[in-house]
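Have it open while you read, and tell me where you disagree.

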Amino acid sequence: MTQSSAQDNRLAADTLLVREYLAEVPHKPEPDPTENQRYRDAIKALLKERNATLVAHYYTDPEIQALAEETGGMVSDSLEMARFGRDCDADVLVVAGVRFMGETASILSPDKTVLMPTTAATCSLDIACPIDKFSAFCDQHPDRVVVVYANTSAAVKARADWVVTSSIALDVVEHLQDQGKKILWAPDRHLGHYIQHKTGADMILWDAACIVHEEFKAKGLMDMKALYPDAKVLAHPESPSSVLAMADVIGSTSQLIKAAVELPEQTFIVATDQGIFYKMQQQAPDKTLIVAPTAGNDASCRSCASCPWMGMNSLQAMYESLRDGSNRIQVDRDLAARAMVPLQRMLDFSQQRQLAVKGKA
Ligand code: SF4
């Protein structure tokens, strides 16, 4: 078998695997305002009773983000969520996001109880980068420094030399390039291409994608730009290069929110998960935000700018997890210690460079 046909087979298998996971995502029921209010009240009481803190990702439902803010928790990207969790004095962390975020929280806070509304919420990048295949890939390239994105399992992180978020990835790769290092990058190919293009670094890329960002379409974006000629395009670098080529600002979630606040334009077309609109609109209330066009609402579009796995974080599931102490995430101590090494390398690097380690992750 040639190398490229072997890779094609691997990709086909991984795509199938992502589809299988997607098929398990339940369709979201219509919200019932009265019932949701009951869950909100019950969650608030349980958070107090259990000395628990709610940390939510930018891509979760606005009502979950609002609840995190109301109860003294935080809304951010995965690493800031984990750092906030590590530094707060709660006994229990309730992580509203996807599984690798719960794992990162557990790695940074091994003595806290980490609960999630659901452990079935995963990520196409994580699914398509299983540790056995990834480890074999690394073994084939022992001369390369292994840099992985935060959207990976604890086992993949433990196999890496560096973990990065989208806001610090460019700086880390430039730093390694300055040292004459060659890089093995995983898992997001679009983010990898973008960094390779920006830095000219010698990188080989794992071939996975975020199903949400992959659906943003350049043709639709061109039509939308014609409709809104004064709008600026804000895009996350997990989007395809044809979309990034039309973007005015490319950045992590935190960088895109900052751009919406600070740029003088009134209208923005935003190519990332629309959960970010909650925070963006809160910080830039006078701006008009438009979701960038995706593949559409046909049968093949399971994301439509909205991550199906993030959408599994319901109030009911959160209430039940807190009530029962269920869906606990506990990364094995030895694995956590190994995953902590490349995570700590990134934290130290950011501190030395005084960079904010924020990103979509
Ligand atoms: S939005 Fe994309 S990268 Fe984020 S959790 Fe969902 S599938 Fe993964």
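**Notes on the model**

1. Domains first: the assignment for the protein chain gives domain 1 (12-124 + 309-330), domain 2 (130-207 + 335-359) and domain 3 (217-291). Those bounds come from an automatic or database domain assignment. Numbering starts from 1 along each chain as its sequence is written. Keep in mind that this is a predicted model, where local features need pLDDT of at least 70 and side-chain atom pairs count only at pLDDT 80 or more, while totals for chains, interfaces and linings use all residues.

2. How do domain 1 and domain 2 meet? Their C-alpha centres lie 26 Å apart. Domain 1 puts 11 residues into the contact and domain 2 puts in 13 residues, where contact means C-beta atoms, placed from the backbone, within 7 Å. On the domain 1 side, H4 and helix H5 (99-108) are the elements giving two or more residues, and H5 has the largest share with 5 residues. By class, that side has 5 nonpolar, 3 polar and 3 charged residues. For the classes, Ala, Val, Leu, Ile, Met, Phe, Trp, Tyr, Cys and Pro count as nonpolar, Asp, Glu, Lys and Arg as charged, and the others, Gly among them, as polar.

3. Now the mixed sheet. Its 5 strands are in the order E2-E1-E3-E4-E13, and the sheet is open. Strand E2 (74-76) and strand E13 (328-329) are the edges, each pairing on one side only. Strands here are DSSP runs of E with at least two residues, helices are runs of H or I with at least four, and both are numbered from the N terminus. Pairing takes at least two DSSP bridges between two strands. Strand E1 (residues 52-57) runs parallel to E2, with 3 bridges between them, and His57 sits opposite Ser76 in E2. Helix H4 (residues 78-87) packs on this sheet, touching E1, E2 and strand E3 (92-96), and its direction makes about 170° with that of E1. Axes are lines fitted to C-alpha atoms, for helices over the stretch in contact, with angles from 0 to 180 degrees between N-to-C directions.

4. The other sheet is open too, with 4 strands in the order E6-E5-E7-E8 and parallel pairing. Strand E6 (162-164) and strand E8 (203-205) are its edges, and the twist averages 25° from one strand to the next. Strand E5 (residues 145-149) has 3 bridges to E6 and 4 to E7. Val148 is worth a click: its bridge partner in E6 is Val163, and in E7 it stands opposite Ala186.

5. Which residues of strand E7 (residues 183-186) are buried? Ile183 and Trp185 are on one side and Leu184 and Ala186 on the other, so both faces are covered; buried means 20 or more other C-beta atoms within 10 Å of a residue's own, exposed means 12 or fewer, and partly exposed is in between, with C-beta atoms placed from the backbone. E7 also pairs with E8 over 3 bridges, with Ile204 as the partner of Leu184.

6. Lys198, in helix H10 (residues 189-199), is partly exposed because 14 other C-beta atoms lie within 10 Å. Leu170 is 28 residues away in sequence, yet the C-alpha atoms are 7.9 Å apart.

7. Last, the ligand. Of the 13 residues around it, Cys123, Ser124, Cys210, Val212 and Cys307 come nearest; being near takes a C-beta atom, placed from the backbone, within 6 Å. The shell divides into 10 nonpolar, 2 polar and 1 charged.

Conventions. Contact = placed C-beta atoms within 7 Å.
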